[in-house]
Amino acid sequence: MVAPHLISWNLTRRCNLACGHCYLDAVQRKSETSDELTLPEVVRVIDEIAEFASGAMLVLTGGEPLLRRDLGDIVEHAAVVGLMPVVGTNGILLDAARAQYLRERGAAGVGISLDSTMPEFHDRLRGHEGAWQGALAGMRAARAAGLGVLMQATLFEENRHELAGFADLAAEVGAMALNFFFLVCTGRGVTQTDLSGQAYEETLSGILALQQARPKLMIRARCAPYARRMLGLHAGEVAEGYAEWSSACLAGRRYLRIGPKGEVTPCPYVPDGSGSVRSQPLREIWDTGADFVRLRDEMPGGKCGACDYRVSCGGCRARALATTGDLMDEDGKCNYCPPVSANPELPSQRCASALAWSPEAQRLLERIPSFVRAKVRASLEQKASAAGEVIVSADFMRRQRPANLPFSRPNSRD
C-alpha cells in the first residue's frame, strides 16, 4: 500500500490570532492545554511516520505552533529520522532569531498564510491589526535564515481577483511556491461566504493561466481537484509540471492529518477521526481506518460518480461531507457537465516507464522528498523522451534539475 507523502499535524489549538475561517476553531490561551499530545508522545509518532513513510513532508502547524515551547525539539527529531519538517505559521512570531533557530534545528521551510495583497482584508479576517505586516516580515525572516517559503492564501469573493498580485508578492519575498486554498466550510469557516460554482471555475482558470505565465513559481490550487479536469488530465496522465496524481484530492491516498489530541483524519476538513495515535499505531489507522478505506476503495456518488473524471478528479470529499453529510457523495461546487457521449472514468494504473534509470540516477531520485518525487520523475522522463534519451542518467538529472523543487532534504548534499 502507498504510504502518505504529506502529513499535516495540528500540534496545538492554542493561537495568537482569531481567524474567521479557522477549520480547527483554534483559541487564544495563555498556556498550553493538558489534553494535547506531549513531547514524548509526539516523538514516538514521528518515529512511526519515519518507519512507514520515509522522506514525507511533515507540516507542523496549529493553532500557532510557535507557541509550543518544545517545537524546536519536535523539528529536530523529525529531521534526524529523515522526514522533512515544515512549520505552518501565521508568521507574526517568526523573527530573525527564531527563523535561524528553526533552520539550525532542521526545519526545511515555513508555510505562511497571506489572505490579501493589501493589509485591510487580511487583518480583518485574522482579527489582529498588523497581522499582514507580520506575515510578510515572517516570510522575509525565513528567507534570510535560509528557509524555504510557501505562501498560502485562502480564496474568498473579496480576494479572488488578486491572483497576480499574490504572485508578485510571492516573488518579492522569495517564496518557492504559492498555494491557493479554496474554502471548505468547517470549524469557524462555516461563518464565511463560500464561492459559487461559477466563481470556482473562473478562479481556477485564472490560477492555471497564472502558472503558465509564471513558470519559475510553483502555483497550485488546493481543495479544488477539478483543476485536473480543466487541464484535461485523466487518471495516470501527465503534463509538464503536473504528475499523474497532482492537483487531485490527496486525502486518504497520499495525505493524512493528525490533530492536537492525536486524532487522525484523511484531511484537516474531515472533523471526525478514524482513530487516535494514543491508542493505535498510525500505520494501522492509515491502512484500516474507515474513512481511509472508503477514500481508496469506493467511487464517489452522485454526479461525481457518473463523471468522466471521477478518478482523476473525484471532487473534494471534505466539501461533500460538509454539505451532504456523506464523505463519498458528490461535490456540489463543480459545475461540469460531461459530454453526452462520455462514460464514467475507469481506474487506471500509472504505466511503467519505457525509459530505464541508471543506478546512480535511481539513488538520486530516492533522495528527493517523497511528496514531490513523482512529479520530478514524470518531468524528467518527459524531458528525456523529448531529447531522445533511452536512459535517465545522473548527469541528465543534474542538467535538468527542476528549478521549482520546493525544498531539498535537510543536510542533503545533492
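Q: Which residues form one aromatic cluster?
A: Phe182, Tyr200 and Tyr226 do. This is a predicted model, where local features need pLDDT of at least 70, side-chain atom pairs count only at pLDDT 80 or more, and totals for chains, interfaces and linings use all residues. Residues are numbered from 1 along each chain as its sequence is written, and side-chain values use heavy atoms, with hydrogens and water left out.
Q: How many aromatic pairs are there?
A: Six. Rings of Phe, Tyr and Trp (its six-membered ring) pair if their centres lie within 6.5 Å; planes under 30 degrees apart are stacked, over 60 edge-to-face, the rest tilted.
A: One of them joins phenylalanine 121 and phenylalanine 156, edge-to-face, at 5.8 Å centre to centre with 70 degrees between the planes.
Q: Ok, and are phenylalanine 121 and phenylalanine 156 buried or exposed?
A: Both are buried (under 20% relative accessible area; exposed is over 50%, partly exposed in between, with a 1.4 Å probe and protein chains only).
Q: What sits over the ring of tryptophan 286?
A: The charged end of arginine 296, 4.9 Å from the ring centre. The rule asks for NZ of Lys or CZ of Arg within 6 Å of the ring centre and within 35 degrees of the ring normal.
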